[in-house]
Amino acid sequence: MLKVELCGRLADGCGPFVDVVIPQNGCSAAEVLSHTAEQHPVLAAPLASNRVKACVNETVVPPEASVAPDDLVALFPPVSGG
């Protein structure tokens with residue numbers, strides 16, 4: 001089980017954290033987004049935009065980065081402003 005922090009407007013539907021079941025041997029950051037969307041349907045549309053960034057252990061990572069069940073994961077929606 002992976003605890004995923006939802007930042008910005010992603011937290012509006014589910015609160016600031018959700019639990020996501022991932023394989024015991026881990027998966028990619030892209031798969032974390034996919035598992036999150038499947039297990040928390042309210043997040044499916046925002047995560048489908050392919051603009052959400054994954055941060056693993058406080059570092060923004062590419063979609064192919066490895067994620068282990070004990071990693072700290074945060075998802076950030078796109079932001080705008082000046």
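**Notebook: salt bridge, cysteines, sheet and helix**

I started with D19, which counts as partly exposed at 36% relative accessibility. My cut-offs: buried is under 20% relative accessible area, exposed is over 50%, and partly exposed is in between, with a 1.4 Å probe and protein chains only.

Ground rules for these notes. This is a predicted model, where local features need pLDDT of at least 70 and side-chain atom pairs count only at pLDDT 80 or more, while totals for chains, interfaces and linings use all residues. Residues are numbered from 1 along each chain as its sequence is written, and side-chain values use heavy atoms, leaving out hydrogens and water.

**Salt bridge.** I searched the whole structure and got 1 salt bridge (a side-chain nitrogen of Lys or Arg within 4 Å of a carboxyl oxygen of Asp or Glu). D19 and K3 make it through their side chains, at 3.2 Å from N to O. D19 belongs to strand β2 (residues 17-20) and K3 to strand β1 (residues 2-6), so the pair ties together parts that are 16 residues apart in sequence. Helices (H or I, at least four residues) and strands (E, at least two) are DSSP runs, numbered from the N terminus. K3 is partly exposed too, at 49%.

**Cysteines.** Next I looked for disulfides (cysteine sulfur pairs within 2.5 Å) and the count was 0. For C7, the nearest cysteine sulfur is that of C55, 8.0 Å away. C7 is buried, at 13%. What rules out a bond for C14? Its sulfur is 13 Å from the closest cysteine sulfur, in C7, which is too far. C14 is partly exposed at 27%.

**Sheet.** I traced 5 strands in an open sheet with mixed pairing, ordered β2-β1-β7-β4-β5. I call two strands paired if DSSP finds at least two bridges between them. β2 and β5 (59-61) are the edge strands with a single partner each, so one side of each has no neighbour in the sheet. Neighbouring strands are turned by 35° against each other on average, direction ignored. Axes here are lines fitted to C-alpha atoms, for helices over the stretch in contact, and angles run from 0 to 180 degrees between N-to-C directions. β1 pairs with β7 (residues 73-76) in the parallel sense over 3 bridges. E5 sits opposite A74 in β7.

**Helix α2.** I found α2 packed on the sheet, touching β1, β2, β4 (53-56), β5 and β7 (contact is heavy atoms within 4.5 Å). Its direction makes about 100° with that of β2. Which residues of α2 (residues 29-39) are buried? I noted A29, V32, L33, T36 and A37. They cover an arc of only 130° around the axis, which puts them on the same side of α2; the arc is taken from the directions from helix axis to C-beta atoms.
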